[in-house]
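Okay, thanks everyone for coming.

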Amino acid sequence: MIRLESDYLEGAHPLIIEHLTETNMEQTPGYGTDVHCQNASNLIRSACRAPEADVHFLVGGTQTNAVVITSVLRPHQGVICAETGHINVHETGAIEARGHKVLPLPSQDGKLSAAAVRACYDAHYSDNDREHIVQPGMVYISHPTENGTTYTAKELEELSCLCRELSLPLYLDGARLSYGLAAPVNDLSLEMIARLCDIFYIGGTKTGALFGEALVITSPSLKKDFRYLIKQQGAMLAKGRLLGIQFETLFTDELYIQIARHAVNLAMDIKKTFQEKGIALYYDSCTNQQFPVLNKQQIKVLAETYSFSHWKDLPDDKTVIRLCTSWATDPEYVRQLCRDIREKL
């Protein structure tokens, strides 16, 4: 079985394993105060052109989202996101479980527009009974989105300007950030994201790390006492150097973006093959996730050799599936998939 249902199916990039092995018997301070975490933080600040940013390392994406959102919001506030946003559909109510409402807005492609956020904000403050309603307190987006789509620099600039006008902190979930940055249509950079967002994270779990995410805080108002909040929510890893070593490796010699390009290039081969076959793609994704619309027979044929995610049921017995490449996907697997699409579907 060739597994293409997600991008965290393999272990870690060989260089990470090598560096973890080389440093295995080192004695270092705990909780992210070691030299490897310090070096990784400096490498990330340099990549983001954000020398004043705070960098924290956490184990996973849901954990990071929960810590960030609960640290930013007041008790009466909620977080605005697209209705397809990860915190709304794929985190088992982690945000609500901590006492904060997710405020989802309709979105066809998974992205939030400045106009939609403005309308949500205005609707709340024009309501005479607003004290009885959860107040919008921050904005959550992801790049890429849950649907593999990406923000343009213009879209993020507009959203950032509005959020700062309305005093709504802007948080970007970067679980698959590397694949967004490697997309052929991408015109964003880490430097721009650091400038336009108040807080964001650089995902490692889905891009070559065994586990781990690097949280970057650029807004001074969000930095204070953040380590207290990480610890209080059980998110501070005692052997923090395991995270530092991994990001130290990923941000040396541009490994992070190079291995993401590998995944995106393979995904573009898959996308092109579906298009040439005349099979529709539900979202126009230029990242490592592709969403073809198939009938039951086509799904049955693919399932004989490949594993994938069932994404969405459509009328007329059609189904959207997700095929996902990763930093470690074997090109021969993709060549075989493309042959099967051409010859069997």
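Let's start with Gln-289, which is buried, with a relative accessible area of 0%. Keep in mind that this is a predicted model. Gln-289 sits in strand E9, residues 289-290. So what does Gln-289 contact, leaving aside its neighbours within four places in sequence? You'll find Thr-145, Glu-146, Gly-148 and Arg-176 there, and also Arg-322, Leu-323 and Cys-324.

Now the rings. The structure has seven aromatic pairs. Take Tyr-283 and Phe-291: their ring centres are 5.1 Å apart and the planes are at 90°, so we call that pair edge-to-face. Are those two buried or exposed? Both Tyr-283 and Phe-291 are buried. And if you follow the ring pairs along, they link Tyr-282, Tyr-283, Phe-291 and Trp-311 into a cluster.

One more ring while we're at it. Over at Tyr-151, the charged end of Lys-111 sits over the ring, 5.8 Å from its centre.

On to helix packing. On the H13 side, the residues in the contact are His-262, Leu-266, Asp-269, Ile-270, Thr-273, Phe-274 and Lys-277. From H15 they meet Pro-331, Val-334, Leu-337, Cys-338, Ile-341 and Arg-342. If you sort that contact by class, you get eight nonpolar, two polar and three charged residues.

There's another helix pair to look at, H6 and H7. H6 is residues 114-125, and it packs against H7 at an angle of about 20°, with the axes 9 Å apart. These two helices, H6 and H7, are therefore roughly parallel to each other as well. Which residues make the contact? From H6 you have Ala-114, Val-117, Arg-118 and Tyr-121, and from H7 there's Glu-158, Leu-159, Leu-162, Glu-165 and Leu-166. By class, the contact of H6 with H7 has six nonpolar residues, no polar ones and three charged ones.

A bit of background first: most residues other than glycine have a negative phi, and most peptide bonds are trans. With that in mind, look at His-143 and Pro-144, which are joined by a cis peptide bond, with omega at about 0°. Pro-144 is in the loop between strand E5, 135-142, and helix H7, 153-166.

Then there's Arg-49, not a glycine, but with a positive phi of about 50°. Where is Arg-49 found? In the loop between helix H2, 35-48, and strand E2, 54-58. Arg-49 counts as exposed, because its relative accessibility is 58% and the cut-off for exposed is over 50%.

Thr-92 also has a positive phi of about 50° without being a glycine. You'll see Thr-92 in the loop between helix H4, 86-89, and helix H5, 94-97. Thr-92 is exposed too, with a relative accessible area of 84%.

Last stop: Glu-18, in helix H1, residues 14-22. Glu-18 is partly exposed, at 39% relative accessible area. How far is Glu-18 from Thr-249 in sequence and in space? They're 231 residues apart in sequence, and 9.7 Å apart in space, C-alpha to C-alpha.

That's my tour, thanks.

How values were computed:
Residues are numbered from 1 along each chain as its sequence is written. This is a predicted model: local features need pLDDT of at least 70, side-chain atom pairs count only at pLDDT 80 or more; totals for chains, interfaces and linings use all residues. Side-chain values use heavy atoms; hydrogens and water are left out. Contact means heavy atoms within 4.5 Å. Helices (H or I, at least four residues) and strands (E, at least two) are DSSP runs, numbered from the N terminus. Ala, Val, Leu, Ile, Met, Phe, Trp, Tyr, Cys and Pro count as nonpolar, Asp, Glu, Lys and Arg as charged, and the others, Gly among them, as polar. Rings of Phe, Tyr and Trp (its six-membered ring) pair if their centres lie within 6.5 Å; planes under 30 degrees apart count as stacked, over 60 as edge-to-face and the rest as tilted. Buried means under 20% relative accessible area, exposed over 50%, partly exposed in between (1.4 Å probe, protein chains only). A charge sits over a ring if NZ of Lys or CZ of Arg is within 6 Å of the ring centre and within 35 degrees of the ring normal. Axes are lines fitted to C-alpha atoms, for helices over the stretch in contact, and angles run from 0 to 180 degrees between N-to-C directions. Angles under 35 degrees count as roughly parallel, over 145 as roughly antiparallel, 65 to 115 as roughly perpendicular and the rest as oblique.
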